[in-house]
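Student: Could we go through this model by asking what each term rests on?

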Amino acid sequence: MQTVAREGKLSPAGRVAFLSRTEIIAAAHRLNSKSLSDAENKKLFGKCNQSHGHNYTVMVTVRGEINPISGMFMNIYTLQEHMQEAIMKPLDHKNLDQDVAYFADVVSTTENLAVYIWESLQKCLPAGCLYKVKVYESDKNFIVYKGG
Ligand SMILES: Nc1nc2c(c(=O)[nH]1)N=C([C@H](O)[C@H](O)COP(=O)(O)OP(=O)(O)OP(=O)(O)O)CN2
Ligand SMILES: [Zn+2]
């Protein structure tokens with residue numbers, strides 16, 4: 001463990017912490033693949049082939065080394081701002097399939113929503129900082145994406 005001297009006191013450094021924040025997105029969508037016929041889409045996706053909506057709960061987890069002077073590795077407000085830009089502005093109160101260009105040719109499953117959120121956040125967060133994106137489609141179902 002490294003130490004940092006400041007005003008005669010030693011503070012621990014090199015400690016990694018995980019910070020998570022949750023936001024809720026209200027969005028409409030339908031599951032439909034352009035690679036399949038109408039009949040195949042109906043068979044595969046059932047009722048979810050019809051337009052419907054979710055209140056998706058999105059949990060983002062970032063990680064970093066605690067700065068011994070500030071006591072944090074990222075201010076929660078910084079993460080909040082990034083989530084507003086990368087998640088809330090493009091997705092909240094939107095029809096995913098019609099309003100978000102990414103989903104024009106990508107099926108708007110929760111898996112792909114998690115990938116979209118991961119890739120959007122990667123563009124604004126420091127390299128290696130984003131650890132996990134967890135998206136709840138409902139109280140019962142959720143997806144975890146950790147890149148790759
Ligand atoms: N692997 C996935 N499977 C399904 C997804 C998905 O994103 N990934 N999505 C759907 C539909 O979008 C559908 O809206 C699921 O909602 P619902 O049927 O309401 O889900 P619940 O399990 O919460 O509700 P029940 O009432 O228990 O059915 C389908 N599959
Ligand atoms: Zn759905």
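Tutor: We can begin with β6 and strand β7 (residues 142–145), which pair in the antiparallel sense over four bridges. The model is predicted, so local features need pLDDT of at least 70 and side-chain atom pairs count only at pLDDT 80 or more, while totals for chains, interfaces and linings use all residues. Residues are numbered from 1 along each chain as its sequence is written, and chains are lettered from A and ligands numbered from 1 in the order in which they are written.

Student: Why is this called a pair of strands, β6 and β7?

Tutor: Strands are DSSP runs of E with at least two residues, numbered from the N terminus, and two of them pair if DSSP finds at least two bridges between them; β6 and β7 have four bridges and therefore pair. In β7, Tyr145 is the bridge partner of Val133.

Student: Which residues is Ile117 in contact with, leaving aside its neighbours within four places in sequence?

Tutor: They are Val58, Ala86, Ile87, Val133 and Val135, where contact means that the C-beta atoms, placed from the backbone, lie within 7 Å.

Student: How do you know how far the chain can be trusted by pLDDT?

Tutor: On this scale, the predictor's confidence in each residue from 0 to 100, the chain has a mean of 93, and 91% of its residues reach 70 or more, whereas pLDDT stays under 50 over residues 1–11.

Note on methods. Two residues are in contact if their C-beta atoms, placed from the backbone, lie within 7 Å.
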